[in-house]
Amino acid sequence: MSVLTRNFEDTNSQKDNVTDKLLMKVAERFGSEWEHIAIGDLGFNKHEVDQFSSDGATHQMRVFNMLYAWKCREKPARIKTLIQILENANIHPDVLELLNNEHNCLNGNVS
């Protein structure tokens, strides 16, 4: 693989990286199921969930803290990976729609 091809592929794959801004938008749409998803689907333990709760003054910040911790642990944290996890968790369709729209926009699949 040439250097130019590899650089293009690296740049292209980085477009799909999860950003803090996107995580905040996702956190706005999360419901009360966030603790179940944290433990059952994202692999956090009860102590970590309790920490997200105590560190976040609002529901949105608790969910953001959880998603941010997932992003830091998941290298690289890709939008498509988060979509797959949340689809399996049966998250509210609004969350999936937001993530799918972001993923499609970044990949030039605007409808």
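In what order do the elements of the protein chain run from the N terminus on? They go α-α-α-α-α-α-α, which amounts to seven helices and zero strands. Both kinds of element are DSSP runs numbered from the N terminus: helices are H or I with at least four residues, strands are E with at least two.

A word on the ground rules. This is a predicted model, where local features need pLDDT of at least 70 and side-chain atom pairs count only at pLDDT 80 or more, while totals for chains, interfaces and linings use all residues. Residues are numbered from 1 along each chain as its sequence is written, and side-chain values use heavy atoms, with hydrogens and water left out.

**The chain as a whole**

Of the 111 residues, 32% count as buried. Here buried means under 20% relative accessible area, exposed means over 50%, and partly exposed is in between (1.4 Å probe, protein chains only). The chain exposes about 6,700 Å², with 50% of that supplied by carbon and sulfur atoms; the areas come from the Shrake-Rupley method with a 1.4 Å probe. As for contacts (heavy atoms within 4.5 Å), take those with a separation of 6 or more: residues 24 or more positions apart account for 65% of them.

**Helix 5**

Helix 5 covers residues 59-73 and reaches 21 Å from its first C-alpha to its last, close to the 21 Å expected for its 15 residues. That expected span is 1.5 Å times one less than the number of residues. Its buried residues are Val63, Phe64, Asn65, Met66, Leu67, Trp70 and Lys71, and their cover includes helix 2, helix 3, helix 4 and helix 6.

| Residue | Relative accessibility | Touches |
|---|---|---|
| Val95 | 0% | Val26, Arg29, Phe30, Leu86 |
| His103 | 15% | Asp16, Ile79, Lys80, Ile83 |

Val95 and Arg29 are 66 residues apart in sequence, yet 5.9 Å apart in space, C-alpha to C-alpha.

The loop between helix 6 and helix 7 holds Asn90, which counts as exposed because its relative accessibility is 67%. Asn90 has a positive phi of about 55°, although it is not a glycine. In the loop between helix 5 and helix 6 you'll find Pro76, joined to Lys75 by a cis peptide bond with omega about -5°. For background, most residues other than glycine have a negative phi, and most peptide bonds are trans.
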